[in-house]
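Please look over the sequence and the model shown here before reading the notes on its core and on one of its helices.

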Amino acid sequence: MSKAIVLNANYENNGEIVLPASYEEINKHNLYLYVKSYLSSLRANTAAAKTRAQVSGGGKKPKAQKGSGAARWGSKRSPLFVGGGVVFGPTKRNYEQKVNKKQKALALKYALNAQANNGSLFVVDSLKLESGKTKDAVAVLNKLNKRDTLVVVDTIDEKTYLAFRNIKNCYVVEKQEVNAYLIAVYHSVLIEKSVLDLLTKEA
């Protein structure tokens, strides 16, 4: 069974929390589907090109229908001309990929379990840095000894936000913002116990 590492007030190892055994049986394809859906929702969807019906100009026939010995030209808006419309160009489309609630819940469970299996899921009772100093936040992250960290708290207070905001290998989110993609993409997760209890209960 997967185990999350419990940290004390000094962010040192102080025990373990065992995740439910059912988490081991979840298919990783649920996480794949959720990540695919999440990334699709981030696409800008702004690529567009005008067709011959949308470009300006083309009111006058470029040349006579007959007599030149060349092809007939009906409009300068044709794709054959510079400044003409584009054939089958990009247009706005819907990139949304639906993932149902059960799959989202399974993806979250799988992501948490994967972090726990890697020894990268750290649980702390409360994460509040009253000093508001970045060096104190760096000291906390250094004790985890991981490349980058997702910090999940119940509510971000101003001092804690100031302490973490300039650290490039760290991202702080509140409980309502966390999702399976964020948990999976970081090399470690530092989470408050109340939030972990809520996530495992909801999932």
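Within the largest nonpolar core, which has 26 residues, the members that touch the most others are L121, L150, V152, I183 and I191; such a core is a set of buried Ala, Val, Leu, Ile, Met, Phe, Trp, Tyr and Cys residues joined through side-chain atoms within 4.5 Å, where buried means under 20% relative accessible area with a 1.4 Å probe, protein chains only. The model is predicted, with local features needing pLDDT of at least 70 and side-chain atom pairs counting only at pLDDT 80 or more, while totals for chains, interfaces and linings use all residues. Residues are numbered from 1 along each chain as its sequence is written, and side-chain values use heavy atoms, leaving out hydrogens and water.

**Core**
- Helix α2 gives the largest share of this core, five residues, helices here being DSSP runs of H or I with at least four residues, numbered from the N terminus.
- L121 is in contact (heavy atoms within 4.5 Å) with residues including L112, Q115, A116 and I191, when residues up to four places away in sequence are not counted.

**Helix α2**
- This helix covers residues 101-117 and reaches 24 Å from its first C-alpha to its last, the expected span being 1.5 Å times one less than its number of residues.
- Just after α2, G119 adopts a positive phi of about 70°.

**N113**
- N113 is located in helix α2 and is buried, with a relative accessible area of 4%.
- Its side chain makes a polar contact with the side chain of S2 at 2.5 Å, a polar contact being a pair of N or O atoms within 3.5 Å, of which, within protein, one must be able to donate a hydrogen and the other to accept it, and residues adjacent in sequence count only if both atoms are side-chain atoms.

Conventions:
Helix = DSSP H or I, 4+ residues; strand = E, 2+ residues; numbered from the N terminus. Buried < 20%, exposed > 50% of the residue type's maximum accessible area, 1.4 Å probe, protein only.
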